[in-house]
Amino acid sequence: MTDEDRDLGTERYAYSRKALGRLVLSYEMRELADRAAVGVPTGDDHLALPGEEVRAALDLVDQSQEVLTRAVLFERTKGTSWETIAEKLGIRRQSAEARYREAEQAWEDALHDPYDREEPRSRHRSLRLHEAAYAPIGAGQDLDEWAQQQGQGTHAVTGGLPTLPLQEELGQVLDGLSYLDRDRHKPPDPAVRLQLTERKAVLLDRIAHEEDRPEAALQAEEARALAAQIRSEIEGTP
């Protein structure tokens, strides 16, 4: 996945970890289904090289392991214990945790930091997660369309996604801001800080209006002032 030209923005912060995990799992399952479907017709069998079907089947096995990893991570976002996951896998709890703990941590980090930090800054860098984790609105629409083509009805994917309460959405944005300051030796990206600060102001305004909390309106004003300061620093204006 290489798409640095597109601004990933803060869209994902409006979705719970569980919803994002489910969208990524749905996409991996879709891709596995599409790849498996390619092997169903027999019309080109006479053109296949010896062992080609075995190679294709092994590719499906490899991809199914990615589906399994995403399924485990989705279960973890739901709060499923390692004991339960291990039981379903038929292994010990310690083995399950050791096998997927690194992937779980990578998932959390990548939700805040989409691009591979080891790659040089260029026009094309790899996303650390499936695009569905960063652009959930478009991903959900795409998956809904695919599911409808399979005869599974309208909104078959997005209709079952959990909603995110306003306070929890704000909490995720605040977590994102805190994550920017995790590395004392690397200054945070000012553009990302600006995006998150602006979203923080919008959410605080909504809380002030929808929950009748005047203190949130004051906090929103502070956030907007900070966003204006960050923007002026980015643009180099006084």
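# Salt bridges, cores and a pocket in a predicted model

At 19% relative accessibility, glutamate 97 counts as buried; this word stands for under 20% relative accessible area, exposed for over 50%, and partly exposed for what lies in between (1.4 Å probe, protein chains only). The model is predicted, so local features need pLDDT of at least 70 and side-chain atom pairs count only at pLDDT 80 or more, while totals for chains, interfaces and linings use all residues. Residues are numbered from 1 along each chain as its sequence is written, and side-chain values use heavy atoms, with hydrogens and water left out.

## Salt bridges

Glutamate 97 meets arginine 101 in a salt bridge, that is, a side-chain nitrogen of Lys or Arg within 4 Å of a carboxyl oxygen of Asp or Glu. The two residues are four apart in helix H4 (residues 93-112), which means that about one helical turn separates them. Helices here are DSSP runs (H or I, at least four residues), numbered from the N terminus. Arginine 101 is partly exposed, at 35%.

The count by this rule comes to 22 salt bridges. Three of them are listed here.

| Salt bridge | Closest N to O distance |
|---|---|
| Glutamate 210 and arginine 206 | 3.1 Å |
| Lysine 78 and glutamate 75 | 3.5 Å |

Glutamate 210 and arginine 206 are likewise four residues apart, in helix H7 (residues 190-210), and about one helical turn separates them. Arginine 206 is partly exposed, with a relative accessible area of 36%. Through shared partners, salt bridges join Arg76, Glu83, Arg93, Glu97, Arg101 and Glu104 into one network. In the remaining pair of the table, lysine 78 is partly exposed at 43%, and glutamate 75 is partly exposed at 27%.

## Nonpolar cores

A nonpolar core is a set of buried Ala, Val, Leu, Ile, Met, Phe, Trp, Tyr and Cys residues joined through side-chain atoms within 4.5 Å. The largest one has 22 residues, and Leu23, Trp107, Leu111, Leu129, Ala132 and Ala133 have the most contacts inside it. H1, H4 and helix H5 (136-149) each supply at least two residues of this core; the largest share, five residues, comes from H1.

Contact means heavy atoms within 4.5 Å. With neighbours within four places in sequence set aside, alanine 132 is in contact with Leu20, Leu23, Val24, Tyr27 and Ala139. A second, separate core has 13 residues, among them Leu177, Leu196, Leu204 and Ala220.

## The second largest pocket

On a 1 Å grid over the protein atoms alone, a pocket is an open set of points where a 1.4 Å probe fits, with protein on both sides within 12 Å along at least five of seven lines; its lining residues have an atom within 4 Å of a point. The volume is the space filled by probe spheres set on the points, which are joined across faces, edges and corners.

The second largest pocket has a volume of about 390 Å³. Its lining has 15 residues, and Val38, Gly39, Glu52, Glu53 and Ala56 lie nearest the centre. Helix H1 (17-38) and helix H2 (52-77) are the elements that give two or more residues to this lining. H2 gives the most, with five. By type, the lining residues divide into seven nonpolar, two polar and six charged. Ala, Val, Leu, Ile, Met, Phe, Trp, Tyr, Cys and Pro count as nonpolar, Asp, Glu, Lys and Arg as charged, and the others, Gly among them, as polar.
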